[in-house]
Amino acid sequence: MQNSKAIVMSLPQQPEILKAFGAMAIRHSYLDYHLRMMIKSLTGVSKEDALLATKYQGSSELRERIKKLAKKRFGDGEVLVKIQALMQRAEELTEKRNDYMHSLWAEKLEEGTAIPVLVNENGNCTPTPSAEDLNRLSSQLDSLANEIWQERLHGFIFEALQNTNPA
């Protein structure tokens, strides 16, 4: 018998994976929301204006805008470095989320066996994440979104904002 290999798109059949995937997607939107609110705080505009001004901006654009606004507002120093570190962590989590979100969920068929895989834009296959992997990423997204919120409203960002004028 010939060794045939085929890739077919396939929705995960485990409810726990679908549930964890949905939670991850929702929690990433929380992170983006807090990035948009960071722009609100750095510029001094209203919540409504910040949301309108950033309506179609993706995560990468939001992070870059925050870094530019923070540098303009705080200069090169501790506050900027801490904000850059938060943005780097956000980028790393978003990249991981994008790996899961934008790859094809599929099955690789090998000699009658279906192996769940993710197929990236280059056609490379990797194992699909487990529910635990997705839940871990979801938790990290939630934790970072909450950290940004806390720092913006009560922490080092709040304190720095109190000592400077809007950009």
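This is a predicted model: local features need pLDDT of at least 70, side-chain atom pairs count only at pLDDT 80 or more; totals for chains, interfaces and linings use all residues.
Residues are numbered from 1 along each chain as its sequence is written, and side-chain values use heavy atoms, with hydrogens and water left out.

**Exercise 1.** Decide whether Phe156 is buried or exposed, then list its contacts.

Step 1. Locate Phe156: helix H6, residues 156-162. Helices are DSSP runs of H or I, at least four residues, numbered from the N terminus.

Step 2. Apply the cut-offs: buried is under 20% relative accessible area, exposed over 50%, partly exposed in between (1.4 Å probe, protein chains only). Phe156 has 17% relative accessibility, so it counts as buried.

Step 3. Contact means heavy atoms within 4.5 Å. Leaving aside neighbours within four places in sequence, Phe156 contacts Val79, Lys82, Ile83, Leu86 and Glu151.

**Exercise 2.** Describe the largest nonpolar core.

Step 1. Such a core is a set of buried Ala, Val, Leu, Ile, Met, Phe, Trp, Tyr and Cys residues joined through side-chain atoms within 4.5 Å.

Step 2. The largest one has 33 residues. Leu42, Ile66, Ile83, Met87 and Ile148 have the most contacts inside it.

Step 3. H1, H3, H4, H5 and H6 each supply at least two of its residues. H1 gives the largest share, eight residues.

**Exercise 3.** Find the side chain of opposite charge nearest to Arg97.

Step 1. Lys and Arg count as positive, Asp and Glu as negative; His and the chain ends are not counted.

Step 2. The nearest is Asp32, 6.3 Å away.

Step 3. A salt bridge needs a side-chain nitrogen of Lys or Arg within 4 Å of a carboxyl oxygen of Asp or Glu. Arg97 is buried yet has none.
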